[in-house]
2 protein chains.
Amino acid sequence: MKKLKAKFKLWLSTRDIEGVFGDGKWRLLKAIESTGSLTQASESLRISYRKAWGDLKKAQEALNESLVEKHRGGTRGGQSALTKQGKKWLKAYTGFHSDIEKAVEKAYEKHIRKIAE
Amino acid sequence: MKKLKAKFKLWLSTRDIEGVFGDGKWRLLKAIESTGSLTQASESLRISYRKAWGDLKKAQEALNESLVEKHRGGTRGGQSALTKQGKKWLKAYTGFHSDIEKAVEKAYEKHIRKIAE
DNA sequence: TATGGATATGCACAACTCGACATATCGATA
DNA sequence: TATCGATATGTCGAGTTGTGCATATCCATA
């Protein structure tokens, strides 16, 4: 038996929309915050700008909140920054994700490790 | 803001094979145990027999263990039952999954609920 | 020994996702 | 006011995944 590793994926859904926010969108917000633009954020995550832009749009529509303030124009072309709500979501989801990460590690040790190695 | 629900997905991977065991295969084992056949199990899960059979094969190959004992023939056509290892995995993963389910619920309450409603 | 329902497996097709392109637009600053 | 880099958005093609269908095989029991 090869060594196993537990992985997980988290997301939030409403009754009719699956995945209004989740790991991917969370990483996107983080990257936007640290890079200051959607373009650079998508590059740092190695996803297409097209997808990053679409994901962000979906999240904002589904949550009905503006997460990122985007500006076009200027010599620098434009930039993006998190709104107050964007920061709020980033912070909350970071805690959420981190708690589950720890829980997965612990549960793996408790239930799986002994039968997997 | 619509009411949100936290969802998650768990799985186990080796260094080179992603998803050697996970939620889907776990549900499959459960269904095989309760129905006694792969055909009925796939029907109860509403997935094609083709997929159920393939998933099971993949899991067994990746774990290098036999999880289900399958028999062909007879008036009843055949049947499937979990092996000792299959039961072991079912039990272990059930505990694993259940712990994470609780953790997700708790972490949602702690981090997300207050900003989502 | 004929039967019937289950296992076993290949293959073509549909659905979905994502990436790659192609454009259009914007507007602060040099 | 010309520029330049970023946002905004549609579209087509490739890869992935699961379904549907077809077929072959198996064998305990009636």
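**View 1. Lys5(A) pairs with Ser13(B) across two strands.** In this predicted model, Ser13(B) is the bridge partner of Lys5(A) and sits in strand E1(B). The strands E1(A) and E1(B) run antiparallel. They are joined by 9 bridges. E1(B) covers residues 5-13 of chain B.

**View 2. A salt bridge links Lys7(A) to Glu18(B).** The closest N and O atoms of this pair are 3.3 Å apart. This distance falls within the 4 Å cut-off for a salt bridge. Across the interface of chain A and chain B, 4 salt bridges are found. The two chains also share 12 residue pairs in polar contact, counting residues at pLDDT 80 or more.

**View 3. Strand E1 and helix H4 of chain A face chain B.** E1 spans 5-13 and H4 spans 84-116. Each supplies at least two residues of the side of chain A that touches chain B. H4(A) gives the most, with 17 residues. By class, this side of chain A has 21 nonpolar, 12 charged and 4 polar residues.

**View 4. Chain A and chain B bury about 3,100 Å² between them.** Of this area, 70% is on carbon and sulfur atoms. Which three residues supply more than any other three of the area that chain A buries against chain B? They are Lys7(A), Phe96(A) and Ile115(A), with 18%. Lys7(A) is also the salt-bridge partner of Glu18(B). The contact as a whole takes 37 residues from chain A and 37 residues from chain B.

Key: Residues are numbered from 1 along each chain as its sequence is written. Chains are lettered from A and ligands numbered from 1 in the order in which they are written. This is a predicted model: local features need pLDDT of at least 70, side-chain atom pairs count only at pLDDT 80 or more; totals for chains, interfaces and linings use all residues. Side-chain values use heavy atoms; hydrogens and water are left out. Contact means heavy atoms within 4.5 Å. Buried area is the accessible area (1.4 Å probe) that two parts lose on being put together, summed over both. A salt bridge is a side-chain nitrogen of Lys or Arg within 4 Å of a carboxyl oxygen of Asp or Glu. A polar contact is a pair of N or O atoms within 3.5 Å; within protein, one must be able to donate a hydrogen and the other to accept it, and residues adjacent in sequence count only if both atoms are side-chain atoms. Helices (H or I, at least four residues) and strands (E, at least two) are DSSP runs, numbered from the N terminus. Ala, Val, Leu, Ile, Met, Phe, Trp, Tyr, Cys and Pro count as nonpolar, Asp, Glu, Lys and Arg as charged, and the others, Gly among them, as polar. Two strands pair if DSSP finds at least two bridges between them.
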